[in-house]
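User: I am new to protein models and would like to learn how to read one. Could you go through the features with me?

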Amino acid sequence: MEIKEEDYQKAVAVVRKSLSGSVSNIQRKLYWGYCRAASAVDRMQNEFIVSPMSASGRREVYPEEMHELWKELQEVKSQATPEGFVLVPKVPSEEILPLNSLYEILDCQECCDAGGFCQERYIQIIEGISKAMIEAQEQSHDNSN
């Protein structure tokens with residue numbers, strides 16, 4: 001279901017204010033139906049605003065910086081690849097970290113006292129991704145000259 005940007009921003013504001021990424025929370029606060037609220041939460045998960053649902057059925061609300069870094073990554077990606085082209089990593093596909101693994105890495109149980117989201121690991125991953133994107137952009141500029 002397509003949601004207007006203005007309505008989506010209202011849903012994001014509700015999630016950030018209440019620190020609850022549940023569909024039912026959005027339904028109650030905004031008087032939305034299930035499908036509309038679920039679509040908003042799915043988009044928030046894709047944009048690193050909320051975590052995937054845990055085994056207990058809860059979603060963590062990530063710090064705003066995480067979403068900002070996601071937006072920066074999207075911008076770098078769009079600048080690094082000309083329209084119609086797709087970035088293909090140099091490493092074999094079995095070495096690529098799937099998105100689910102990223103969520104598992106961020107769900108820290110070892111180094112964080114309380115467990116849960118590990119900002120230190122997140123920063124390391126984003127720095128690695130950013131470095132790879134910049135290298136790809138530089139290579140595309142070198143190849144075009």
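Analyst: We will go from the overall layout to the core, the salt bridges and the backbone angles. This is a predicted model: local features need pLDDT of at least 70, side-chain atom pairs count only at pLDDT 80 or more, and totals for chains, interfaces and linings use all residues. Residues are numbered from 1 along each chain as its sequence is written, and side-chain values use heavy atoms, with hydrogens and water left out.

User: How many helices and strands does the protein have?

Analyst: Helices (H or I, at least four residues) and strands (E, at least two) are DSSP runs, numbered from the N terminus. In this protein there are six helices and two strands. Read from the N terminus, their order is α-α-α-α-α-β-β-α.

User: What share of the residues counts as buried?

Analyst: Buried means under 20% relative accessible area, exposed over 50%, and partly exposed in between (1.4 Å probe, protein chains only). Of the 145 residues here, 32% count as buried. For the surface, accessible areas come from the Shrake-Rupley method with a 1.4 Å probe, and for residues only the protein chains shown count as cover. The protein exposes about 10000 Å², of which carbon and sulfur atoms supply 52%.

User: Which residues of helix α2 are buried?

Analyst: Helix α2 spans residues 23-30, and V23, N25 and I26 are buried in it. They lie on the same side of α2 because they cover an arc of only 160° around the axis; the arc is that of the directions from the helix axis to the C-beta atoms. Their cover includes α1 (5-18) and α3 (34-46). To judge cover, look for contacts, meaning heavy atoms within 4.5 Å.

User: What is a nonpolar core, and which residues touch the most other members of the largest one?

Analyst: In soluble globular proteins, nonpolar side chains tend to be buried together. A nonpolar core is a set of buried Ala, Val, Leu, Ile, Met, Phe, Trp, Tyr and Cys residues joined through side-chain atoms within 4.5 Å. The largest one here has 16 residues, and Y8, I26, W32, A40, M44 and V50 touch the most other members. The elements that give two or more residues to this core are α1, α2 and α3. Of these, α3 gives the most, with five residues. Take M44 as a case: leaving out residues up to four places away in sequence, M44 touches Y8, A11, V12, V15, I26, I49 and V50.

User: How many salt bridges are there?

Analyst: A salt bridge is a side-chain nitrogen of Lys or Arg within 4 Å of a carboxyl oxygen of Asp or Glu. By this rule the count is five. One of them joins the side chains of E5 and R43 (2.9 Å, N to O). E5 lies in helix α1 and R43 in helix α3, so this pair ties together parts that are 38 residues apart in sequence. E5 is partly exposed at 42%, and R43 is also partly exposed, at 27%. A network of salt bridges links E5, R43 and E47.

User: Where do R36 and D7 lie?

Analyst: The side chains of R36 and D7 meet in a salt bridge (2.4 Å, N to O). R36 lies in helix α3 and D7 in helix α1, so the pair ties together parts that are 29 residues apart in sequence. R36 counts as partly exposed at 27% relative accessibility, whereas D7 counts as buried at 12%.

User: Which helix holds both K71 and E68?

Analyst: Both lie in helix α4 (residues 64-80), three residues apart, about one turn of the helix. The side chains of K71 and E68 form a salt bridge (3.5 Å, N to O).

User: Is Q45 buried or exposed?

Analyst: Q45, in helix α3, counts as buried at 18% relative accessibility. A polar contact is a pair of N or O atoms within 3.5 Å; within protein, one must be able to donate a hydrogen and the other to accept it, and residues adjacent in sequence count only if both atoms are side-chain atoms. The side chain of Q45 makes such a contact with the side chain of R59 (2.7 Å).

User: What is phi of Y31?

Analyst: Phi of Y31 is near 55°, a positive value in a residue other than glycine. Y31 lies in the loop between α2 and α3 and is exposed, with a relative accessible area of 76%. F48 also has a phi near 55°. F48 sits in the loop between α3 and α4, and F48 is buried, at 8%.
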